[in-house]
Amino acid sequence: MKRILSIVLILLPACFSASGQLPLPQVPSSLTDPSMRADYVALHFYDAMDWNSWAEIDEESLLQDWANFLSVLPHCSAEGRQAAVDKLTGSLPADAIETYSNMAEDYLTMPDSELFDEPTFIMILQSLSKAPATSKALASAFKARYEYLERALPGTTAPDISTGTLQGALGIETDEFTELKDLAGTADRIMIIFYDPECEDCHARMEYLLENPETQGQVNNGELYIATVRITDDVEEIYPILSVPSIYMIDGSTLTVLSRE
């Protein structure tokens, strides 16, 4: 889908719809810069939508149009992306607000999604919280959600937290608790695994890391340090737990969050 839309953003045939209900807007020939063309497509993507009957659209078309719209956004300028999202959320009727927030979460926050993009999800939540049709209760919920997700975002300094060793988490050795700040310089990258002791997937992931020769080679060469943190209410106040297990990759020198899933 992304590759198709990348090509389309250059050529932009007026009839293209990528199996959704909505056709891509016909871009003026005067716009030749790719990002400007993408800005135009995103801004006018939902112009043909009849919001009075949106609920009658079959689910497959609704989801495909949403995927098409999201696929255009990475090609936009920052200003164009924001304008397109604001225009969309400002057009949504009250009974569509939760549907679009749920679709945004499904498409943008799942690590296995091709459209995984937390910053865009946060931007959409921020825009939804200010949309005219959003109730006060939903606006408050959206605000709490995006403020939570803004903690420990990639590119920010990782908050300090007590960690244990991977071996300790599996009960192979006694836990060796230390502060994250004390791990600076121990390896090129630090992987923190947030886990629930009763989570089978968590233990399966950690056992795989212990047994994987490539991973252990990185550990032995000082390329990677693996730490674990048991998930508690206090921990979730510091780090957003996106799934169980949740994994954060951190720069070993600067303690900057590189990625999270």
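Helices (H or I, at least four residues) and strands (E, at least two) are taken as DSSP runs and numbered from the N terminus. In these terms the chain has 11 helices and 6 strands, and Gln167 lies in helix H8, which covers residues 166-169. The model is a predicted one, in which local features need pLDDT of at least 70 and side-chain atom pairs count only at pLDDT 80 or more, while totals for chains, interfaces and linings use all residues. Residues are numbered from 1 along each chain as its sequence is written, and side-chain values use heavy atoms, with hydrogens and water left out.

The pLDDT, the predictor's confidence in each residue on a scale from 0 to 100, averages 88 over the chain, and 91% of the residues score at least 70. Confidence is highest in helix H4 (residues 78-91), at a mean of 97, and lowest in helix H1 (residues 2-11), at 44. Over residues 1-17 the pLDDT stays under 50. Where pLDDT is low, the predicted coordinates should not be read in detail.

Of the 261 residues of the chain, 44% count as buried, a term that means under 20% relative accessible area, with exposed meaning over 50% and partly exposed in between (1.4 Å probe, protein chains only). A nonpolar core is a set of buried Ala, Val, Leu, Ile, Met, Phe, Trp, Tyr and Cys residues joined through side-chain atoms within 4.5 Å. The largest such core holds 62 residues, of which Tyr46, Trp66, Phe69, Tyr100, Leu180 and Phe194 touch the most other members. Apart from this core lies another, of 14 residues, among them Leu170, Tyr195, Cys199 and Met206. The C-alpha atom of Met206 is separated by 8.9 Å from that of Gln167, 39 residues apart along the chain, and Gln167 is partly exposed, with a relative accessible area of 27%.

Leaving aside neighbours within four places in sequence, Leu180 is in contact (heavy atoms within 4.5 Å) with residues including Ile161, Ile192, Tyr239 and Leu255. Leu255 is found in the loop between S5 and strand S6 (257-260), is buried at a relative accessible area of 11%, and has a positive phi of about 60 degrees although it is not a glycine.

Most residues other than glycine have a negative phi, and most peptide bonds are trans. Ala152, in the loop between helix H7 (136-149) and strand S1 (162-165), also has a positive phi, near 50 degrees, and counts as buried at 6% relative accessibility. The peptide bond from Val244 to Pro245 is cis, with omega near 0 degrees, and Pro245 has its place in the loop between helix H11 (233-238) and strand S5 (246-251).
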